[in-house]
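Me: I have a structure open and would like to go through it in pieces. Can we begin with the sheets and then move to side chains?

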Amino acid sequence: MANNKKLVILESDKKARLIGPWLGEDYVVAATGGHIVDLPKKGLAVDVDGGYEPDYEIVHGKKKLITELKKAARSADQILIATDPDREGEAIGYHIARQLGFGNGDDGRFLRVTFNEVTKDAVLEAIADPGDLDLARVDAQQARRVLDRLVGYGLSPLLWKKISPVDPISRVPLSAGRVQSVAVRLIVERERERRRFRASDYWDLSATLTKDGREFESRLITLGGKRVATGSDFDPETGELKSADAVVLLDEQAAGKEAARLEHVPHVVAAVERRQKPTNPQPPFKTTTLQKAANARLKLSPRQTMRVAQRLYEAGLITYLRTDSTELSQRAVAAVRKQIQSRYGADYLSPKPRTHATKTKGAQLAHEAIRPSGTEMKTASQLGLKGVDAALYDLIWKRTMASQMAAQIQQHVSVTIAADDAEFRSNGHTLEFAGYRRAYMEGAADPESALGERDVFLPDLEVGDEPVLRQLEPSGHTTRPPARYTQGAFPGILEEEGIGRPSTTATIISTMESRGYVRLDGQQLVPTFLAFAVTALLEEHFEDLVDVGFTSEMERGLDRIAEGRMDWREYIDGFYRGVDGFEGRLADRIEVIDPRTASTLIFDDMAMHVRIGRYGPFLEHGTEDDPIRVSLPEDLAPADLTAEFAERLIEQKEATNEELGADPETGQPVFRLVGRFGPFVQLGEQEEDGPKPKRASLPEGMTLEAVDLDTALSLLALPRDLGAHPETGKPVRAGIGRYGPYVVHEKDFRSLQAGEDVLTVDFDRAMALLSEPKRGRKTQTALRDLGPHPADGEPIRLFEGRYGPYVKHGKVNASLPKGAAPDDMTIEQAVVLLTERAEKMKSGAGGGRRGRRKK
């Protein structure tokens with residue numbers, strides 16, 4: 001490479017290919033593909049006695065890249081570090097610079113370039129005005145990594161020793177983390193609230209009236225001068241009224257009597273209130289609000305949203321996606337307002353440019369909000385986007401446009417209707433001016449009709465009018481427990497509490513799920529019993545580490561480091577070895593915590609305890625000498641475990657679980673049991689923390705009651721030898737596998753046909769089956785066609801498979817996430833799932849078959 005060239009280093013290959021032609025022949029553009037060094041996966045890798053210096057290693061596969069960058073750097077007069085404009089990007093850029101000689105007396109060649117959008121104008125402006133690497137931000141990012149490593153590698157082994165080495169279901173090692181554990185506690189605390197909740201019933205009346213031929217609804221609000229009780233009047237933990245004297249509580253009988261009484265009295269309009277209600281638009285998207293909207297509208301998980309947004313950003317279509325700011329640059333505001341006036345007219349502009357101040361606790365405000373890049377503000381269709389990319393871009397475009405538009409104005413009407421000593425209330429509203437809502441109708445076939453769909457019309461009513469009563473119907477209601485957090489909303493909850501940063505919140509949910517602390521039920525985040533046990537241990541022995549306020553304050557400490565107002569080593573030393581430091585507490589607690597206590601959950605409303613065992617959570621009842629244990633269903637949420645449900649499980653086990661006798665060969669007892677996955681037989685006792693006894697599932701159609709000792713021993717003896725194959729001399733066997741009963745010879749399997757018994761099938765029948773050609777897979781009928789794939793127009797279809805529903809495009813199959821309803825699957829969601837699956841197949845991950853290395 002000739003001298004006087006400039007080397008520009010980015011993270012993304014896509015950005016490098018896009019930016020290269022803009023810069024011309026004087027620049028060489030290279031990409032690192034993310035981090036080039038990182039902490040090793042095993043070991044602490046932090047020198048706690050040497051200033052907490054991290055021991056980084058080169059990321060696997062990056063040595064050749066570093067060699068190539070060093071070669072290019074030797075002949076460059078400037079090295080422009082153009083990694084992403086957040087703290088992580090700053091740290092990545094710093095480590096690249098260190099590998100290329102930064103810090104060795106030649107620092108003048110290294111310059112920092114940041115841009116918030118990948119457009120030609122933004123990139124050229126940034127290149128023309130470079131700065132220096134922000135070492136304070138690098139320190140803050142390094143401090144975060146070191147803190148997380150110290151906490152994780154301190155607490156995780158404690159959990160292994162005191163609760164369980166792995167999640168009993170997924171067999172993934174347990175872990176704890178500085179942010180992860182607080183997030184788990186928030187979800188556990190919400191589930192505790194649901195456990196404490198006591199439902200309450202209340203009734204009211206709904207009247208159907210007419211005026212001038214138009215029917216409308218009215219609801220009972222007062223009776224005898226007192227307000228009629230609604231759900232908000234009840235204490236959620238006791239189920240009792242908060243203030244019984246202030247309201248009238250109707251039950252079914254009382255509501256029926258009132259309906260009968262009020263049917264025969266005049267219903268007269270007593271008051272009419274009309275008012276205009278302006279509603280201002282929401283601010284542009286930041287990371288967490290984009291995740292929430294994409295989850296609600298497109299059913300995308302936060303991680304899927306970030307993956308799609310990353311593609312849009314790298315393609316130069318949106319601004320930087322990891323931000324906690326809701327503000328737009330002046331140039332962006334001007335471009336948006338120009339587009340609004342052009343599309344909708346001056347009446348739809350807000351009187352003056354709107355500013356949307358960020359209210360998030362601890363917001364860094366390093367970037368502007370997420371918006372379409374550049375100044376043209378093109379729509380998804382104008383850009384030629386398809387599928388989920390178009391859907392997410394459309395959300396961002398509409399929210400950005402709306403943020404600078406005039407307020408929506410609605411006419412609200414509230415009508416009070418008197419009937420003897422009762423009052424009813426009717427509410428209506430109509431749209432007078434669409435304002436910002438017009439942007440959300442972009443692309444609709446008939447925007448005006450779509451805008452009016454939400455209107456609730458009332459007849460023209462005045463005081464003294466007597467509408468005709470058509471029906472008076474009692475209606476019952478039951479209060480509901482606090483809603484669980486959803487995966488779309490939860491990153492925003494963390495942000496509101498000052499926990500984590502935009503670059504980390506999307507990964508927290510997947511980490512909690514992979515560690516067995518949370519499972520997804522549709523969009524709800526449901527904590528497991530394991531999460532309850534881990535949270536209880538941390539609350540008792542390391543309360544500050546799961547305290548929202550403490551964790552938020554730690555984030556502010558990292559902010560002070562980033563601002564250059566605090567030394568990162570002093571900050572970490574205060575946490576680790578200061579007064580009541582983490583290192584000392586950890587050593588003390590290891591000796592104090594009793595494993596049995598830590599793995600036992602005690603619920604105040606139940607006599608039975610829940611234990612975390614090697615094979616999952618189970619109920620334990622009775623004495624220590626003669627305990628009764630029964631596994632809990634894998635999909636049981638802690639809030640749904642009641643004393644009544646627990647008693648039924650115990651009764652069911654006592655009724656069906658039975659010792660059948662002794663195995664004549666070993667003398668061990670043989671049991672028939674019901675477990676988490678259905679009925680089975682077992683040889684020997686299951687000792688606590690002992691090896692798993694030999695077990696065998698029952699064939700389909702066999703009931704537990706039909707299993708005697710001989711049958712159980714036969715099942716436990718499977719697979720059984722039927723004889724030697726006449727050609728090879730190798731055994732032919734019969735057994736039960738994951739696909740049902742079979743016969744096999746040297747890995748050549750055939751399924752038994754319906755009605756054939758694996759315990760009685762003989763050698764001749766097995767040979768007959770093995771002589772038949774293998775049956776090909778049945779052609780499956782798609783549940784439905786979702787539509788053409790935006791990349792090639794080939795169909796995407798939805799199927800029901802052996803392991804659940806999945807989508808198919810060409811040769812790529814992708815399972816639906818656990819809890820996802822097939823009926824709700826959209827083509828945009830399917831494209832995301834298929835893209836992720838295809839990427840895993842390319843990388844060799846995700847269950848692909850791997851060949852053995854030749855010796």
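Reply: Two terms come up at once. Strands (E, at least two residues) and helices (H or I, at least four) are DSSP runs, numbered from the N terminus. Two strands pair if DSSP finds at least two bridges between them.

Me: Before that, what kind of model is this, and how are residues numbered?

Reply: This is a predicted model, in which local features need pLDDT of at least 70, side-chain atom pairs count only at pLDDT 80 or more, and totals for chains, interfaces and linings use all residues. Residues are numbered from 1 along each chain as its sequence is written, and side-chain values use heavy atoms, with hydrogens and water left out.

Me: ok, which order do the strands have in the open sheet of four?

Reply: The order is 19-20-21-22, and the pairing is antiparallel. Strand 19 (600-601) and strand 22 (627-631) stand at the edges; each has a single partner strand, so one side of each is left without a neighbour in the sheet.

Me: How many bridges join strand 21 to strand 22?

Reply: Five bridges join them, with strand 21 covering residues 616-622.

Me: Other strands. What does strand 15 pair with?

Reply: Strand 14 (residues 408-419) is joined to strand 15 by eleven bridges, running antiparallel. Strand 10 (residues 214-223) is joined to strand 15 (residues 422-433) by four bridges, also antiparallel. For alanine 418, the partner in strand 15 is glutamate 423.

Me: And how many residues lie between strand 14 and strand 15?

Reply: Two, in a hairpin; aspartate 420 in the turn has a positive phi of about 60°.

Me: Side chains now. How many salt bridges are there?

Reply: The count comes to 52 salt bridges, a salt bridge being a side-chain nitrogen of Lys or Arg within 4 Å of a carboxyl oxygen of Asp or Glu. One of them joins arginine 596 and glutamate 620, at 3.0 Å from N to O. Arginine 596 lies in helix 21 (residues 595-598) and glutamate 620 in strand 21, so the pair ties together parts that are 24 residues apart in sequence.

Me: Give me another one.

Reply: Glutamate 368 forms a salt bridge with arginine 371, with the closest N and O atoms 2.9 Å apart. Glutamate 368 is buried at 13%, and arginine 371 is buried at 1%.

Me: Which residues share partners in one network?

Reply: Arg185, Glu189, Arg192, Arg196, Glu237 and Glu539 are joined that way by salt bridges. Arginine 192 also lies over the face of phenylalanine 532, 6.0 Å from the ring centre. A charge sits over a ring if NZ of Lys or CZ of Arg is within 6 Å of the ring centre and within 35 degrees of the ring normal. Lysine 692 does this with tyrosine 615, its charged end 5.1 Å from the ring centre.

Me: How many aromatic pairs are found?

Reply: The search of the whole structure finds 15. Rings of Phe, Tyr and Trp (its six-membered ring) pair if their centres lie within 6.5 Å; planes under 30 degrees apart count as stacked, over 60 as edge-to-face and the rest as tilted. Tyrosine 742 and phenylalanine 749 are edge-to-face, with 5.2 Å between centres and 65° between planes. Tyrosine 742 is buried at 15%, and phenylalanine 749 is partly exposed at 41%. Elsewhere, ring pairs link Tyr52, Phe542, Phe575, Tyr576 and Phe582 into a cluster.

How values were computed. Buried < 20%, exposed > 50% of the residue type's maximum accessible area, 1.4 Å probe, protein only.
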